[in-house]
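Please look at the predicted model shown here.

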Amino acid sequence: MSNHEAILEINDLSVAYGTAKGDVLAVQDLNLRVLPNEIMGLIGESGSGKSTLAYAVMRLLKGSARVVKGSIRILGRDIYAMDKEELRQFRWANLSMVFQSAMNALNPVLTVETQIIDTLLSHRPQLSKSEARDKAYELVDLVRIDRSRITSYPHELSGGMRQRIVIAIAIALEPSLVIMDEPTTALDVVVQRSILDQIKEIQQRAQFSVLFISHDFSLVSQLASRIAIMYAGRVVEVTKARSLMDPEVAHHPYTEGLWRAIPKITGKSVALEGIPGTPPNLLRLPSGCAFHPRCRYAFEPCRTMRPLLQVVEGSEISCHRFVPEEIHHGQ
Amino acid sequence: MANEPLIEVKDLVVRFPVGSGLKRQYIVPVNHVSFTIAPGEVVALVGESGSGKTTIGRALVRILTPSSGSIHLGGADVTKIRGKALVAYRRQIQMVFQDPYGSLNPVKTVERHMRLPIRKHRQGREGAIGEQIDESLRTVGLTPVSEMRLKFPHELSGGQRQRVAIARALAVKPRVLVADEPISMLDVSIRAEILHLLKQLQQEYSLAYLYITHDLASARYFGDRIMVMYGGQIMEAAPADELVERPRHPYTRLLLAATPGAVHTGPLPETSNRSPNLAEGRVGCPFADRCPHVMAICRTENPPLLEQSAQHQVACHL
């Protein structure tokens, strides 16, 4: 993968929230690369740090949250080194985001048309008003909303339509990277599916990268080409989406557990197995590998040593099971 | 399961007023629905938001009173009962809600949450309450009991809270549990455990369920039978595997194609994505506006739910 120029490159990133009980690391020593024109899935349960990561990449961390270590480069540029004006220009033109609740992302007192045109004009002041309007029509066509609805206010549209408008605004300036944080979670399955189909279609036509954040494993494995799995603020595995269906391919025990925990709609109905225990409290992370108290394979080094990501059969996995014996003895 | 049904719902209609004064109109989120649940059977009710599935669950535990139609439990008519008869009825049927964060009182310990339903519905001596609480908590896997009794809701994880809600519902030893999206707000790794618990309770106490969900995959996993709802009506009902493997109704096919993990590729089999009309006096099949196979008759006549093959019912003119 190193011979590709990454769109997004996260190196050794740690993000902390200041709390009364001291700093809590929601994202810890995280490395991740998103390549050109790929849809990368990011899976994690609540509290795994996936949304914090998205906000860090957008440089939208609020309150007590801050980056304490590492760097984030988009198109080779460190976004934390930019000044305010540079950041404003860069954001949305090169990097945009679709949030979970479309309801809150749109301004309730402006028509959809005004909001799309505003977005276009604030970044491309050279456009005339009528050029911007034409472009707005193109965008609503792209997300398959009838042109007559463009003069509607957000409350006049259904949840699915609002989310399509948000997606249209996100891709309005043809960014290289769009971060989507659970964009379809609040929607019905049929609407969800048709929006996902559109995201894929537009992505292939307009050629941009997507970091798609979700807790729904079956959904991401169909949409993305590669998937990163997060647990307790770290990436525990990066794998090809296709490899999840293949029982022969090795996976992190957490990935394996998650996959076994979801009811499947196809094939024979097999017994589900949950993962015992609960996701850890970030204030009291277990020693060594954070997953070891819930892991069926846990053995001695898991309690004391933190495993690093390493290449296993084409995936990257951080688990002591896949570390050759001699390394353990060597340390 | 050929024996007497435990629950028999006939021609159930629920209507709600919208607007007021001269503009008052009625919507009918549940429109002539009939079904049965056998003792110990899990019936999964699947549908999208606005399909009427939660309203059916609420009518069943009589949080709301049906406008017409009837509900029988073990042969007794419970459609309009009130007062003491309703309290007695709720000893037989209980409900678990979607949101384990909203359904528990934040200032009460687990023990106090358990004490009320046990005392109110108890059939034993006062002194046995403590033991009954312990037993209920053990049944749902909240151990060590001595520690769990003293915890407040905020000290529990989502999965544990849902277990408390289940323990509370089971405290009166009901015969039917209405579970409204009991796992949809929980983390993926926790969901399977709760489904396991529900399944285990079904086997141990031969508890019957109405399992309300939007997720066909979990309905298939947990349900013996699946009923698919759309626009306030049942579109198709069949044994779980039969429904997933041999769907007949165009709406079931659409849902199946859209469910994450399905093998379906290519465009979805529908013509628009309008939401169903729930207004009173609507005519025709509620799915007609979206159906790719729509015919003239679909717009004027509502298809009845008919047996197409053994245990497989479909409401479609096709």
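## Strand pairing in chain A

Arg226(A) stands opposite Lys240(A), a residue of β10(A), and this pair belongs to a model that is predicted. Strand β9 (residues 226-231) of chain A and β10(A) run antiparallel and are joined by 6 bridges; the two strands form a hairpin with 2 residues between them, and in the turn Ala232(A) has a positive phi of about 50 degrees.

β10(A) is also joined by 2 bridges to strand β12 (residues 315-317) of chain A, again in an antiparallel arrangement, and Val238(A) has Glu316(A) in β12(A) as its bridge partner. Because 6 of the 7 residues of strand β10 (residues 234-240) of chain A are buried, this strand is largely enclosed by the rest of the structure.

## Helix α7 of chain A

Helix α7 (residues 189-206) of chain A has 18 residues and reaches 25 Å from its first C-alpha to its last, which is close to the 26 Å expected at 1.5 Å a residue. After α7(A) comes Gln207(A), with a positive phi near 60 degrees.

Among the buried residues of α7(A) are Val189(A), Arg193(A), Leu196(A) and Ile202(A). The buried residues of this helix pack against α5 (129-142), α6 (159-170) and α8 (217-223) of chain A, together with α10 of chain B.

## Contact between the chains

In all, 33 residues of chain B are in contact with 32 residues of chain A. On the side of chain B that touches chain A, α7 (188-205), α8 (216-222), α9 (240-245) and α10 (250-258) of chain B each supply at least two residues, and the largest share, 8 residues, comes from α7(B). By class, that side of chain B has 16 nonpolar, 11 polar and 6 charged residues.

How values were computed. Residues are numbered from 1 along each chain as its sequence is written. Chains are lettered from A and ligands numbered from 1 in the order in which they are written. This is a predicted model: local features need pLDDT of at least 70, side-chain atom pairs count only at pLDDT 80 or more; totals for chains, interfaces and linings use all residues. Two residues are in contact if their C-beta atoms, placed from the backbone, lie within 7 Å. Helices (H or I, at least four residues) and strands (E, at least two) are DSSP runs, numbered from the N terminus. Ala, Val, Leu, Ile, Met, Phe, Trp, Tyr, Cys and Pro count as nonpolar, Asp, Glu, Lys and Arg as charged, and the others, Gly among them, as polar. The expected span of a helix is 1.5 Å times one less than its number of residues. A residue is buried if 20 or more other C-beta atoms lie within 10 Å of its own, exposed if 12 or fewer, and partly exposed in between; C-beta atoms are placed from the backbone. Two strands pair if DSSP finds at least two bridges between them.
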